[in-house]
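Subject: Structure handover

Hi,

Here is the structure I promised to pass on. Please open it beside this email and follow along.

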Amino acid sequence: PAMKSTTPTVLALRTPQHPMKRVILKSQLQWRDPGAHFCRRFSAGLLPSIRLDSSIVPQMIGGGFLWGLGNCLSQYVTCTLNGGIAETDQETPVPWLQPRKVAEAAFLGGVLWTPTATVFFRMLDFYKVPVIPRIVLDQTLWGACVLTAVYSFFAVCEGRSVAEACRRCAAEVPSTLPQNWSVWVPVQLLNFTVVPAQYRVALVNLVTVPWTGYLAY
């Protein structure tokens with residue numbers, strides 16, 4: 001049977017097989033167990049979350065369509081504000097709708113964002129994160145990561161260097177993140193309390209359409 005030692009920092013153990021075995025420091029148990037427990041819990045939540053089945057395909061198609069539609073709206077708003085001139089680095093006039101940018105946005109929203117957001121939301125559900133901490137996590141750490149990925153992706157698609165992409169993120173993310181809160185905090189509050197789990201990513205993709213137009217404005 002286990003028996004406590006008179007020393008408060010030592011846990012003495014004696015078993016029939018090892019009658020003299022003792023001395024396991026409690027500090028060692030306290031140092032090792034939390035890390036191992038966290039790794040086990042993280043793996044238990046991550047592995048089921050990343051197992052995406054065929055149901056993700058319609059969500060990816062819908063996400064790509066909505067992100068492409070949002071980019072069309074963004075280009076239209078930008079062109080209207082510029083007096084009918086599309087935003088471009090070229091000296092010659094070009095049509096306001098640039099299909100290449102639409103395709104890039106559709107790829108980002110459908111192929112990259114939708115599966116990643118699905119895994120993130122599933123992990124929040126697995127760990128049963130309460131609503132308020134869930135929104136805080138979504139609108140701080142996750143939101144900053146998403147904005148950084150979006151600005152970096154479009155900077156690379158425009159042919160900019162990695163250093164230029166980093167400078168763009170450093171300039172745009174801190175100013176865009178507070179704007180996100182005015183829209184996405186109430187949206188995600190509704191999303192995490194009312195909307196069923198399988199439709200949460202779809203709602204985010206849907207709200208992205210007018211939100212992209214607003215950012216262009």
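Start with Thr114. In this predicted model, Thr114 sits in helix H3, which covers residues 99-126. Is Thr114 buried or exposed? Its relative accessible area is 0%, so Thr114 counts as buried; the cut-off for that word is under 20%. What does Thr114 touch? Leaving aside residues up to four places away in sequence, its contacts are Ile56, Gln59, Met60, Gly63, Gly109, Val201 and Asn205.

Next, helix H4. This helix runs over residues 131-157, 27 residues in total. At 1.5 Å a residue, H4 should span 39 Å. The C-alpha atoms at its ends are 36 Å apart, which agrees. Now look along the helix for a bend. H4 bends by about 40° at Gly143. Gly143 is also one of the buried residues of H4. Others on that list include Arg134, Asp138, Trp142, Tyr151 and Phe154. After H4 comes Gly159, and its phi is positive, near 90°.

Last, the surface. Which residues form a nonpolar patch there? They are Leu73, Tyr76, Trp96 and Leu97. Together they have about 360 Å² of accessible area. Take Leu73 from this group. Leu73 belongs to helix H2, residues 56-81. Its relative accessible area is 33%, so Leu73 is partly exposed. That label covers values between the 20% and 50% cut-offs.

Best wishes

Note on methods
Residues are numbered from 1 along each chain as its sequence is written. This is a predicted model: local features need pLDDT of at least 70, side-chain atom pairs count only at pLDDT 80 or more; totals for chains, interfaces and linings use all residues. Side-chain values use heavy atoms; hydrogens and water are left out. Helices (H or I, at least four residues) and strands (E, at least two) are DSSP runs, numbered from the N terminus. Buried means under 20% relative accessible area, exposed over 50%, partly exposed in between (1.4 Å probe, protein chains only). Contact means heavy atoms within 4.5 Å. The expected span of a helix is 1.5 Å times one less than its number of residues. The bend at a residue is the angle between axes fitted to the seven residues ending there and the seven starting there. Patches are made of residues with over 30% relative accessible area and no salt bridge: like charges are joined within 9 Å, nonpolar side chains (Val, Leu, Ile, Met, Phe, Trp, Tyr) within 5 Å. Accessible areas come from the Shrake-Rupley method with a 1.4 Å probe; for residues, only the protein chains shown count as cover. A salt bridge is a side-chain nitrogen of Lys or Arg within 4 Å of a carboxyl oxygen of Asp or Glu.
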